[in-house]
Amino acid sequence: MKRLFLIAVPWFAFVLTGVALAADATLEIPTGTMTLEAPEDAEYKATLSPVNFPHSLHFSYSCQACHHNWDGNGPIKSCGTSGCHENFWAPKPGQADVSETSIKSMTGAFHQVCRDCHRNEADQQKAAGSKRIVTGPVACAGCHPDPHSDVENSDKTLSVPLGILTIEAPEGVEATRNPVGFPHGLHFQYACKDCHHDWDGESEIEACTSCHSETEPSGTRNIKDEANQMYYLAAFHNACVTCHRDTDKKQREAMAQGKIKKADLPKTAPVNCNGCHSSS
Ligand code: HEC
Ligand code: HEC
Ligand code: HEC
Ligand code: HEC
Ligand code: HEC
Ligand code: HEC
Ligand code: HEC
């Protein structure tokens with residue numbers, strides 16, 4: 001069924017959507033597999049196989065699960081950037097500059113991030129009673145196979161608009177509200193698939209309205225009505241407003257507990273009509 005919606009020529013999708021991608025910048029995300037290995041200037045001779053890392057298999061997580069310092073707008077720095085995990089291997093005791101010891105070596109960071117998550121996923125899925133455990137390798141040879149892996153840096157990338165996307169009512173709808181300025185990157189603390197729920201992590205991303213293309217409710221006006229799933233307004237309001245109400249509720253709950261500092265409160269997002277359909 002879903003495949004039926006997949007036909008959309010770019011310009012056509014653009015007109016149909018009414019999404020003006022007036023984003024000021026885009027981010028190129030490498031999709032496919034990348035090979036992680038010691039940088040050439042690491043002064044370290046690798047003993048094991050370099051690690052083939054299927055980047056896009058991991059896009060069901062928030063980008064910040066790994067790029068934990070990223071603000072959702074600027075460029076993404078490589079893990080080994082100066083001032084970050086720039087030591088490939090932990091310095092020998094006594095050789096470390098004290099100011100650097102608090103930052104993990106690159107190998108330490110990778111082992112902690114990669115292996116711990118694979119292990120936790122397996123534990124959680126087992127605890128939840130799943131029959132098929134979907135996770136990555138925990139054993140050394142799962143990441144460092146013998147014979148060694150070939151270097152396999154895929155050059156495929158996907159362009160992602162940053163900045164504010166303007167979402168307008170589709171062609172044929174007589175809009176009663178102002179278009180919505182949607183700060184895309186502010187939402188990258190969530191997994192891409194929370195919104196682009198049909199995305200496989202590699203292909204081009206389709207506009208919501210290439211599937212949710214109905215411009216009128218079928219039958220009832222209730223956006224929770226299943227018959228309205230393909231009505232574009234139901235899709236947007238159900239996606240956007242539901243989560244924003246949730247964030248509002250979380251903040252109110254946190255405030256009710258009293259002790260929390262203002263800066264540590266969960267972020268809120270607009271729930272009022274004008275918060276999204278700005279009046280100016
Ligand atoms: C499971 C961990 C993980 C997740 C989740 C993840 N990445 Fe990555 N990403 C990496 C690793 C590891 C690299 C390689 C970094 C390096 O070379 O230092 C990388 C590299 C990148 C690069 C290239 C950076 C450079 O060095 O030029 C970009 C851009 C990027 N990721 C974007 C994203 C975006 C956007 C998301 C969310 C959709 C995401 N990543 C999710 C682990 C992850
Ligand atoms: C936040 C959790 C998480 C993190 C962090 C993470 N992974 Fe994974 N990884 C997974 C899950 C879940 C899968 C299984 C995905 C699937 O099959 O759909 C997976 C799959 C893999 C696979 C593919 C296994 C296969 O059968 O093809 C490899 C290799 C892998 N991860 C390596 C890494 C490396 C290297 C890192 C660190 C740079 C890393 N992962 C970080 C959760 C994680
Ligand atoms: C989930 C993937 C993963 C698992 C499992 C894993 N590693 Fe690694 N390991 C990496 C990554 C990523 C790097 C950094 C890139 C590189 O050098 O290959 C690394 C680097 C290393 C290095 C430094 C590079 C070299 O080849 O000398 C050693 C040594 C190492 N790992 C040993 C181990 C041992 C021993 C185990 C099992 C106890 C293990 N690793 C399990 C991902 C993993
Ligand atoms: C979290 C953001 C958000 C909030 C809050 C929100 N909307 Fe929307 N709304 C959207 C998006 C996105 C669209 C689809 C783009 C468009 O048509 O402007 C939309 C579309 C509409 C449309 C159809 C298009 C039009 O202009 O006639 C109406 C009507 C509408 N919203 C009314 C409301 C009303 C009334 C409220 C307050 C009760 C509200 N919205 C609150 C995001 C929001
Ligand atoms: C909170 C919801 C949300 C999240 C999270 C989100 N997006 Fe989007 N994205 C949208 C909306 C809404 C649009 C506007 C276009 C549309 O109508 O589909 C969009 C547009 C896009 C487009 C342009 C599509 C086109 O029509 O050309 C790309 C590419 C994209 N997003 C990639 C991503 C990636 C990659 C991530 C994860 C880093 C991500 N998005 C996270 C909601 C989201
Ligand atoms: C490739 C087609 C396709 C694309 C692209 C798509 N959807 Fe959907 N969406 C569907 C289908 C089919 C369903 C109903 C069954 C399901 O959940 O998969 C659905 C269900 C939903 C639902 C739950 C039903 C409801 O009304 O509450 C929401 C919310 C939603 N989509 C929002 C979005 C948003 C927002 C985007 C863009 C960021 C988007 N969808 C992109 C096909 C798509
Ligand atoms: C999964 C949860 C989630 C979804 C889905 C979501 N948002 Fe948000 N939104 C947030 C959070 C959290 C913030 C506050 C982020 C921050 O301040 O860092 C936010 C902030 C905003 C803001 C205010 C930005 C500002 O400058 O204060 C707007 C406007 C907005 N979202 C519109 C939308 C629209 C339109 C959609 C649907 C296309 C949407 N959001 C979907 C969680 C969500």
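## Buried, exposed and in between

A residue counts as buried if 20 or more other C-beta atoms lie within 10 Å of its own, as exposed if 12 or fewer do, and as partly exposed in between, with C-beta atoms placed from the backbone. Pro 54 has 16 C-beta neighbours inside 10 Å, so this proline counts as partly exposed. Pro 54 belongs to strand β4. Thr 35 is 19 residues away from Pro 54 in sequence, and the two are 8.6 Å apart in space, C-alpha to C-alpha.

## About the model

This is a predicted model, in which local features need pLDDT of at least 70 and side-chain atom pairs count only at pLDDT 80 or more, while totals for chains, interfaces and linings use all residues. Residues are numbered from 1 along each chain as its sequence is written, and chains are lettered from A and ligands numbered from 1 in the order in which they are written.

## The overall layout

Let's start with the whole protein. It has six helices and seven strands, where helices (H or I, at least four residues) and strands (E, at least two) are DSSP runs numbered from the N terminus. Read from that end, the order of elements is α-β-β-β-β-α-α-β-β-β-α-α-α.

Of the 280 residues of the protein, 9% count as buried. Two residues are in contact if their C-beta atoms, placed from the backbone, lie within 7 Å. Among contacts with a separation of 6 or more, 54% join residues 24 or more positions apart.

Helix α2 has 22 residues and reaches 31 Å from its first C-alpha to its last, close to the 32 Å expected at 1.5 Å a residue. The expected span of a helix is 1.5 Å times one less than its number of residues. Gly 129 follows α2 and has a positive phi, near 80°.

Which element gives the largest share of the shell around ligand 2? That is α2, with six residues. A residue is near a molecule if its C-beta atom, placed from the backbone, lies within 6 Å of it. In all, 19 residues surround ligand 2, and Phe 53, Ala 65, Cys 114, Cys 117 and Gly 136 are the closest. Both β4 (51–54) and α2 (106–127) supply at least two residues of this shell.

The classes are simple: Ala, Val, Leu, Ile, Met, Phe, Trp, Tyr, Cys and Pro count as nonpolar, Asp, Glu, Lys and Arg as charged, and the others, Gly among them, as polar. Around ligand 2 there are 14 nonpolar, four polar and one charged residues.

The 25 residues of α5 should span 36 Å at 1.5 Å a residue, and its end C-alpha atoms are 36 Å apart, which agrees. Its buried residues are Tyr 232, Ala 234 and Ala 235. Just after α5, Gly 258 has a positive phi of about 90°.

Ligand 7 has 19 residues around it, with Phe 182, Cys 240, Cys 243, Lys 267 and Ala 269 coming nearest. Two or more residues of this shell come from each of β7 (180–183), α4 (192–195) and α5 (232–256). The largest share, six residues, belongs to α5. By class, the shell holds 13 nonpolar, four polar and two charged residues.

One last detail concerns the backbone. The peptide bond from Asp 146 to Pro 147 is cis, with omega near 0°. Most peptide bonds are trans. Pro 147 sits in the loop between α3 (140–143) and β5 (157–161).
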